[in-house]
Amino acid sequence: MGMKHVLGFIEKSEELKSKGVEDLLLINVNDPFVMKAWKKSYPETKNVKFLADGSATYTHALGLELNLTEKGLGVRSRRFALLVDNLKVVVANIESGGDFTVSSADDILAAL
């Protein structure tokens with residue numbers, strides 16, 4: 001999750017909520033302490049929950065892990081945005097490599 005990615009969802013959170021999005025969950029392969037500190041670094045996050053996936057268990061279950069061990073970063077997560085309705089994924093916008101072209105808040109708004 002890059003700063004642009006996270007900030008877009010924070011900035012568009014009210015608009016997403018007005019279109020029926022109940023929960024905005026930002027999940028990252030980090031421990032809960034890092035996620036708590038990261039949340040504090042953003043000015044307005046009342047509509048957004050920052051969740052830790054420290055061992056990449058959830059990320060792996062989704063098949064979205066990115067092995068960067070050769071670069072000294074271990075297992076990370078691909079950048080993605082999911083739109084889930086009634087526990088079913090209705091939109092899965094998954095980026096390639098380090099791209100940021102299909103998983104923005106605006107992309108999810110367009111899918112709504």
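Is K49 buried, exposed or partly exposed?

What you see is a predicted model, where local features need pLDDT of at least 70, side-chain atom pairs count only at pLDDT 80 or more, and totals for chains, interfaces and linings use all residues. Residues are numbered from 1 along each chain as its sequence is written, and side-chain values use heavy atoms, with hydrogens and water left out.

Now the overall fold. The chain has five helices and six strands, where helices (H or I, at least four residues) and strands (E, at least two) are DSSP runs numbered from the N terminus. Going along the sequence, the order is α-α-β-α-β-α-β-β-β-β-α. The C-alpha atoms fill a box of roughly 40 × 30 × 25 Å along the principal axes.

Back to K49. With 43% relative accessibility, K49 counts as partly exposed; buried means under 20% relative accessible area and exposed over 50%, with partly exposed in between, using a 1.4 Å probe and protein chains only. Of the 112 residues in the chain, 34% are buried.

Side chains of opposite charge can pair when their charged atoms come close. Here the rule is a side-chain nitrogen of Lys or Arg within 4 Å of a carboxyl oxygen of Asp or Glu, and the count comes to three.

K49 pairs with D23, with the closest N and O atoms 3.4 Å apart. Since K49 sits in strand β2 and D23 in the loop between α2 and β1 (24–28), this pair ties together parts 26 residues apart in sequence. D23 is partly exposed too, at 47%.

Then there is E14 with K46, at 3.7 Å from N to O. K46 is exposed, with a relative accessible area of 62%, while E14 is partly exposed at 47%.

Finally, K12 meets D106, the closest N and O atoms being 3.1 Å apart. K12 is in the loop between α1 (3–11) and α2, and D106 is in helix α5 (residues 105–111), so the pair joins parts 94 residues apart in sequence.

One last stop: where does S13 lie? S13 is in helix α2 (residues 13–18), and at 6% relative accessibility S13 is buried. Beyond its neighbours within four places in sequence, S13 is in contact (heavy atoms within 4.5 Å) with L24, N47 and V48. Thanks, everyone!
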